[in-house]
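Hi there,

Here is the structure I promised to pass on to you. Have a look at it first, and then read my notes below.

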Amino acid sequence: MRSLPLIIGLLVLTHFTVLANDSSNSQQAIERAVLDYIESQQHVKPQLMARGLDDKLAKRTYWLDKEGNEFIMETSRDFMVELAGNYNVKGDKFPKEPRIEIQILDIDQRVASVKLTVDDWIDYMHLYQNQSGQWKIINVLWQYHDTKLQQSK
């Protein structure tokens with residue numbers, strides 16, 4: 001009978017250790033998906049962008065057209081992969097030591113919310129863990145830090 005509390009204690013400790021390891025693994029995988037997103041643009045590596053995004057990615061921002069009318073600008077996964085292959089070809093889109101701040105706002109089992117802050121813009125992202133166990137970015141809402149840039153010229 002004396003060993004029952006010890007056994008229960010060990011089971012509880014083992015349970016929390018497994019949860020902690022799962023959480024740590026999820027955090028690392030989420031950060032990797034977000035790094036794939038930004039590093040693909042910095043280093044011209046479209047394969048990283050493709051790896052981090054879900055096929056159904058929806059990336060959006062508000063924008064002003066040339067007449068000053070606001071609309072929601074949407075970007076697809078295919079466009080983002082293409083962008084990663086040519087956005088920084090000249091190496092002039094990011095500083096030598098770019099700002100990359102990843103803040104995981106919440107993880108709940110297979111979904112997560114993340115805030116990515118880089119030099120010129122901010123992205124709020126939703127990720128999910130697919131059946132293969134990979135974390136993928138499925139939604140992005142972004143804006144420039146200088147919101148006056150949110151317009152066509």
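A patch here is built from residues with over 30% relative accessible area and no salt bridge, with like charges joined within 9 Å and nonpolar side chains (Val, Leu, Ile, Met, Phe, Trp, Tyr) within 5 Å. A salt bridge is a Lys or Arg side-chain nitrogen within 4 Å of an Asp or Glu carboxyl oxygen, and accessible areas come from the Shrake-Rupley method with a 1.4 Å probe, where only the protein chains shown count as cover for residues.

Please note that this is a predicted model: local features need pLDDT of at least 70, side-chain atom pairs count only at pLDDT 80 or more, and totals for chains, interfaces and linings use all residues. Residues are numbered from 1 along each chain as its sequence is written, and side-chain values use heavy atoms, leaving out hydrogens and water.

On the surface, L105, Y124 and L141 form a nonpolar patch, with about 290 Å² of accessible area together. Y124 lies in strand β5 (strands are DSSP runs of E, at least two residues; helices are runs of H or I, at least four; both are numbered from the N terminus). Y124 counts as partly exposed because its relative accessibility is 39%; buried means under 20%, exposed over 50%, and partly exposed in between.

Now look at helix α3, residues 77-84: its buried residues are R77, M80, V81, L83 and A84. They sit on the same side of α3 because they cover an arc of only 160° around the axis, taken from the directions from the helix axis to the C-beta atoms. D78 and E82, on the other side of α3, are exposed.

Enjoy exploring!

Terms used
Buried < 20%, exposed > 50% of the residue type's maximum accessible area, 1.4 Å probe, protein only.
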